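Here is a short briefing to read alongside your model.

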Amino acid sequence: MNDTNRILDLFNEKNSLEEKYFMPFLVCGDPSIEQFISMVKKIALYIDLLELGVPFSDPIADGPTIQEANMRAFEAGINTKVALDTIKKIRTFFTKPIVILTYYNILIQGSETIESSLDNTLRRFKESGIDGIVIADLPIEEAGLALKYCKKHDISLIFLIAPTTTDDRLEKILKEARGFIYLISILGVTGAREKVAQITKETIKRVKEKIKTRIPVFLGFGISKPEHASAVAELGADGIIIGSAIIDIIKRNLSNFNKMEQELIEFVSSIKNAIKRSN
Amino acid sequence: MKYNGIYPNKCGKFGDFGGIFAPEVLMPALCELDEAFEKYRNDESFKKEFYQILESYGGRPTPLFYAKRLSENVGCKVYLKREDLLHGGAHKLNNVIGQALLAKRMGKKKLVAETGAGQHGFATAIAGAYFGMETKVFMGKVDIARQAYNVYRMQLLGAEVIPVESGSKTLKDAINDGLRYWITNVRDTHYLMGSVVGPHPYPLLVREFQRIIGIETKKQIMELEGRLPNAIMACIGGGSNAIGIMYDFIENENVQLIGVEAAGEGLETGKHSIALGLGRRGVLHGSLMYLLQNEYGNILKSHSISAGLDYPGVGPEHCFLKELSRLRVETATDNETLESFQKLSVLEGIIPALESSHALACLEKIKGEFNKDDIVIINLSGSGSKDLNIIKQRLEFKVK
């Protein structure tokens with residue numbers, strides 16, 4: 001189970017990037033470990049990749065929706081060890097790529113030094129079945145060690161690009177980026193928004209023009225509706241990432257798990273349909 | 001030892017500590033700030049304006065005061081650097097005037113800041129009013145409750161105080177929310193970091209604006225005593241008053257540098273803020289430093305009677321200086337601090353901030369190490385008038 005990277009396989013085997021991909025984001029262990037696993041099972045059919053948040057106590061890049069999801073997951077007992085076990089359980093039925101999103105401090109604890117901790121933690125995550133990782137507070141300037149050990153353990157280190165990222169830094173990032181590019185559509189933290197920002201279009205264009213290799217561009221932050229999804233797909237994004245809008249469904253239905261799952265299935269299938277139509 | 005001017009390096013590193021662990025959205029703003037600071041730090045007109053404001057508006061230089069009765073009491077020569085007399089009642093003004101002036105030169109229109117005790121928020125509100133910049137201050141709900149007086153003062157100066165409901169609702173969460181706000185409003189807003197923490201270039205630029213404390217102290221003690229002190233003591237939360245007074249003495253290796261962390265209710269209770277003494281390496285708020293955290297890397301709640309020291313991390317330069325064995329790290333509990341707070345009030349007619357009282361309390365604990373002629377300088381970083389509500393709950397006087 002260690003010798004493949006499902007992200008690279010996914011984008012290789014198609015050999016063209018004409019299809020549009022959908023990657024929902026859930027916080028691992030929200031609202032409880034069992035319910036979380038059950039939800040993944042239910043939506044597995046409609047998604048192309050799965051992004052899992054491994055919560056950190058101080059997530060500065062996340063808005064209130066994901067912060068609250070983190071709190072629920074902490075209350076449900078999430079930590080690195082439980083997250084690893086949970087991912088292993090998901091791997092018993094889920095064969096598509098899994099990407100985790102976390103903060104650097106979560107990855108650099110547990111062993112004698114920061115470097116040995118990083119080596120060890122990434123190895124354990126790979127063994128649990130992940131393919132890629134997004135580290136929300138690790139810019140390219142600080143990514144040397146993470147790149148080294150992601151390479152060692154065959155994990156795609158996925159970098160974020162923002163509308164404010166300068167061309168100079170964009171080139172540096174593109175040189176090291178693996179798996180896909182995570183394009184932040186707005187100036188802001190995570191959270192569902194009513195409209196897709198104007199800034200998105202020019203950013204996608206600017207990034208696409210700079211890309212020399214065949215790496216897909218996924219757009220995230222602020223996408224909350226099927227119309228947004230099809231709109232950004234039409235703007236040239238290869239994939240879309242939706243987090244807060246999905247977590248809002250969880251939050252709305254905390255007292256009724258059946259309804260929560262039902263609404264989730266409806267939502268993710270509507271997103272998948274929307275981007276299919278725009279293909 | 002050769003130190004000054006070497007650290008941090010271009011990447012913001014003090015040895016292994018510091019750095020820029022920031023979300024991508026902030027990177028251009030941090031680079032912009034770094035470039036602007038490099039441009040203005042040696043610019044004569046910038047420096048001149050900075051010092052002029054601190055003199056005419058702030059009241060610099062602050063006195064270095066020989067505390068005669070306290071000296072007799074503890075058995076060595078104690079000098080107090082009176083940052084409590086600076087406009088605003090604390091050393092915080094140095095930093096906010098520096099950063100707001102820089103922000104103004106960069107063309108930023110708004111200031112956003114976090115605050116724990118309310119001292120930095122109040123100082124930022126002062127700078128906002130002085131420079132005519134719209135000011136927002138993020139403050140934890142718990143801190144708002146225990147520092148109502150400072151909230152009112154900030155509002156009186158026209159700043160908007162925004163309550164923070166996330167996490168432990170204290171300083172670290174105020175930084176989180178302040179940074180989130182900055183992420184969303186990065187183009188016209190300067191994030192005015194209150195201490196020598198955060199991603200590069202903050203630990204550097206806050207230190208440079210606070211260095212004035214040590215530069216003055218050195219000149220003053222040479223004039224008064226004709227020799228350097230045996231020790232300099234300062235409380236450490238994030239660490240800006242400590243690095244401010246200590247930086248220009250780092251190369252003077254005969255001067256002991258002693259940082260005092262808040263032991264809160266005591267080491268054994270787990271309710272403390274001893275990040276340097278008991279923390280493990282980790283990354284919080286953009287910087288690698290010693291942190292109070294659990295085995296999985298989630299940040300623990302810190303505790304101190306003084307909101308200004310109630311932070312689970314500590315500036316990267318202090319971590320580095322500790323590792324170099326140049327900084328000695330001590331602690332003082334809430335109770336020890338209260339005793340020293342009262343002692344200075346009675347002996348010298350000066351009501352110190354609870355933060356600064358930690359340094360006084362530490363002197364009480366280690367006074368046996370000093371001879372009668374030894375000179376100890378304590379950075380009296382702030383005035384205690386802001387703390388009276390908290391003190392009053394613990395210390396009641398009866399009118400006979």
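Helices (H or I, at least four residues) and strands (E, at least two) are DSSP runs, numbered from the N terminus. This is a predicted model, in which local features need pLDDT of at least 70 and side-chain atom pairs count only at pLDDT 80 or more, while totals for chains, interfaces and linings use all residues. Residues are numbered from 1 along each chain as its sequence is written, and side-chain values use heavy atoms, with hydrogens and water left out.

**Where chains A and B meet**
- Chain A and chain B each bring 37 residues to the contact (heavy atoms within 4.5 Å).
- About 3,000 Å² is buried between chain A and chain B, 58% of it on carbon and sulfur atoms; buried area is the accessible area (1.4 Å probe) that two parts lose on being put together, summed over both.
- There are three salt bridges between chain A and chain B (a side-chain nitrogen of Lys or Arg within 4 Å of a carboxyl oxygen of Asp or Glu).
- A:Arg169 pairs with B:Glu24 in a salt bridge, with 2.5 Å between the closest N and O atoms.
- Among the elements that each supply at least two residues of the side of chain A that touches chain B are helix 3 (64-75) and helix 8 (167-176).
- Helix 5 of chain A gives the most to that side, with three residues.

How values were computed
Chains lettered and ligands numbered in written order.
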